[in-house]
Amino acid sequence: MKLNYSQAMALAVRESLQQDPNVFLIGSIFAGLSAAGRAAFTPLVQDFSSRVVPAPVSELGLCGTAIGAALSGCRPLLDIGTASFAFQAWAQLANEAPNIHYMSGGRTPVPATFYLMTGIRGAGAAQHSHRIQAMLGNVPGLQLVLPATPGDAYAMLKWALLESSSPTAYISHCQLLEDEHEVDLAAPALPIGKARISREGRDLTIVAHSVMVPRALAAADRLAAEHGIEAEVIDMRSLCPLDRETMVRSVAKTGRALIPDECHLSFGAGAELAATLARDAFSYLKAPVHRVATPDVPIPFSPVLESALIVTPEKIASEALAMLNFQKS
Amino acid sequence: MEDPVKHQKRLENMLRIRRFEEQVVRLSKAGGFPGHYHVYIGQEATAVTVCEQLEPHDMIFTTWRNHGHLLARGASPGRMLAEILGRATGLCRGKSGTLHLADKEIGMPATSAMVGGALPIATGAALGLKHRRSPGIVVAFFGDAALDEGAFYEAVNLAGLWKVPILYVCENNSIPPQKRRRGQFPSSSLNAAQLIDVPRALQIPSEVVDGADVDALCGCFRKLIAEVRTSASARFVEVRCTRWPGNVPLWPELPGGEWNLEWAFGAKPEPQDLAAWAEKSDPLLNYLRGLLEAGTLDRDIAFAVDARVRNEIADAVHFAESSPWPDPAEATRGTFAAERRT
Ligand SMILES: Cc1ncc(C[n+]2csc(CCOP(=O)(O)OP(=O)(O)O)c2C)c(N)n1
Ligand SMILES: [Mg+2]
């Protein structure tokens, strides 16, 4: 079945609502920024209006109420919307939800899912473009799933809503909402916490997540077509849990790792991945691990300025070429 | 009767905002700039009548719906439009775009596009003015949804506790709650009977004023701003505006095309909701009709003022469109300020 990313998310929510009466929604805009998102979610919200709590612009309160509902036996899905709005909810998201299970001596689970739309969206400027996965990645107790494909968008959301017992930040990306792929809903899903080899290759490993996955694949196509270089592309899928093993195994084969990351360079998600490889894959590395990330500046509005900062397939490919030319002196 | 020149000036200031915003809608639809945006049509009288009462050392904070506030305070329409188009000559060098327009020179140093984001900042600016014994005051403009956010409550409480000179201007442009449809931006979803019940509970003197009645607005702001100045303490006002039919969340429309001066002389706009709005709720038309009736203004003068404003805005559009793009290297400049010199 052909599904776009938004349809895949809406289908996962629909099936979860049908399968578990404890699932309900707080807020109802979800991927409302995109036409695909509105088309997918509007009928869902209409069909399940009694399972949708309308939400004022109260991110902090909403986030806390989702946690509270989870404590009283529900499995809420909270629409925080643009990931930048999560800063308004930070106290609950980072300092309440993730601690509760641990602090209760393992007695109180928090099965709440926080829907977030991350990324440089085009014209979002500094305040609507944040990528917050690295910041949340530094908070133990919060699961971070970042589906890059409609198939994962579907499977990971169903997992969060129906199976997980821990708070989950479900981080979609503004630039992925319209992407359409063939999805086999009956196929067994790759377990959460397992990375996927999206493209096999021998010459270097590109370790990607979220919107970096399609861009890394485009870079790999270009490297193959123009330079005969075969890049292996890994889709990390989740940052917590983090599949360090698949990454290290791939680098053991290729000897080189490039990490494209839409986070800012300093302390971004790529920093954790690079540090892991620098230690666990040290003996396989033929060149230093490289990152291509968003420079350490707020995102500007002007299309000319914004595009200067974007991690594009071109930048990924040219960094890969630079790495392959590296000589140990 | 006040001086006719003053009325003409006020009319011109309101029209400048309306004609500017029409060009913003046109430019967006023509692909002149990416992203969503918000216009101030239907609320012009509020910004204009507030700014008439302000002094150069006063400060203003606004939101994503900021164009009218900047224009009323005297920002350059050309440099504003250049910013909205992302050009090098823009007020913020292309960094801010429509959502974050700011102009430090006119006392509008920073604009947040987060709901409620500027309220604590504005309160702090008033604290700073007080600390420096400045004669200035602060005006904070914000939408009705700000009261949904905890930041609103904290900011207003601090202003009350600390006694700082600030006027909170809540521009309530919500459609009535019963007409709100699911899936639209939630707005004005407050459980209090009235918005002003909240600041009143915090002992902030609060009033409600009709945003379509220019005389009422003038009287209200003259009084409140004088009170803020003399008492050096906070006031709150809810301006009730009937939502202009083109105010569609994220992508405004111009139903009925450009605003037509003939609507003040008996002609009726096309779509019915716009006609109803033009009859009662458009502050500009209400004001014009009043001036015409009182004989303060005649048809020729009204058309001459409009022509002047249209020319000015056409020049601004030309300036913006013919401005260069920023140097891409500008993207990585300006994260930190230069160290202060000793
Ligand atoms: C913290 C935060 N949450 C959500 C949004 C998205 N948002 C932008 S405008 C808006 C509605 C604001 O309504 P109101 O305050 O009444 O202002 P209006 O646009 O009607 O002038 C929302 C929810 C935001 N900008 N910031
Ligand atoms: Mg409003």
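Which side chain has an N or O atom 2.7 Å from an oxygen atom of ligand 1? In this predicted model, that side chain belongs to B:D144. The contact is polar in the sense of a pair of N or O atoms within 3.5 Å. Of the 590 Å² of accessible area that ligand 1 has on its own, the protein covers 93% (Shrake-Rupley method, 1.4 Å probe).

A nitrogen atom of ligand 1 is 2.5 Å from an N or O atom in the side chain of A:E59, and a polar side-chain atom of B:R65 lies 2.7 Å from an oxygen atom of the ligand. The site is shared between chains, because residues from both A and B surround ligand 1. The surrounding shell has 18 residues, each with a heavy atom within 4 Å of the ligand; A:E59, B:R65, B:A113, B:D144 and B:N173 are the closest.

B:D144 (OD) and B:N173 (OD1) also coordinate the magnesium ion, ligand 2, at 2.0 to 2.2 Å; donors are N, O and S atoms within 2.8 Å of the metal (3.2 Å for Na, K and Ca), and water is not among the atoms, so the site may look incomplete. The two residues are 29 residues apart, B:D144 in the loop between β2 (138–143) and α6 (150–162) and B:N173 in the loop between β3 (166–172) and α7 (197–201) of chain B. B:D144 is buried, at 2% relative accessible area, and B:N173 is buried at 8% (buried: under 20%, 1.4 Å probe, protein chains only).

Residues are numbered from 1 along each chain as its sequence is written, with chains lettered from A and ligands numbered from 1 in the order in which they are written. Local features need pLDDT of at least 70 and side-chain atom pairs pLDDT 80 or more, whereas totals for chains, interfaces and linings use all residues; side-chain values use heavy atoms, leaving out hydrogens and water.

Notes:
Helices (H or I, at least four residues) and strands (E, at least two) are DSSP runs, numbered from the N terminus. Buried means under 20% relative accessible area, exposed over 50%, partly exposed in between (1.4 Å probe, protein chains only). A polar contact is a pair of N or O atoms within 3.5 Å; within protein, one must be able to donate a hydrogen and the other to accept it, and residues adjacent in sequence count only if both atoms are side-chain atoms.
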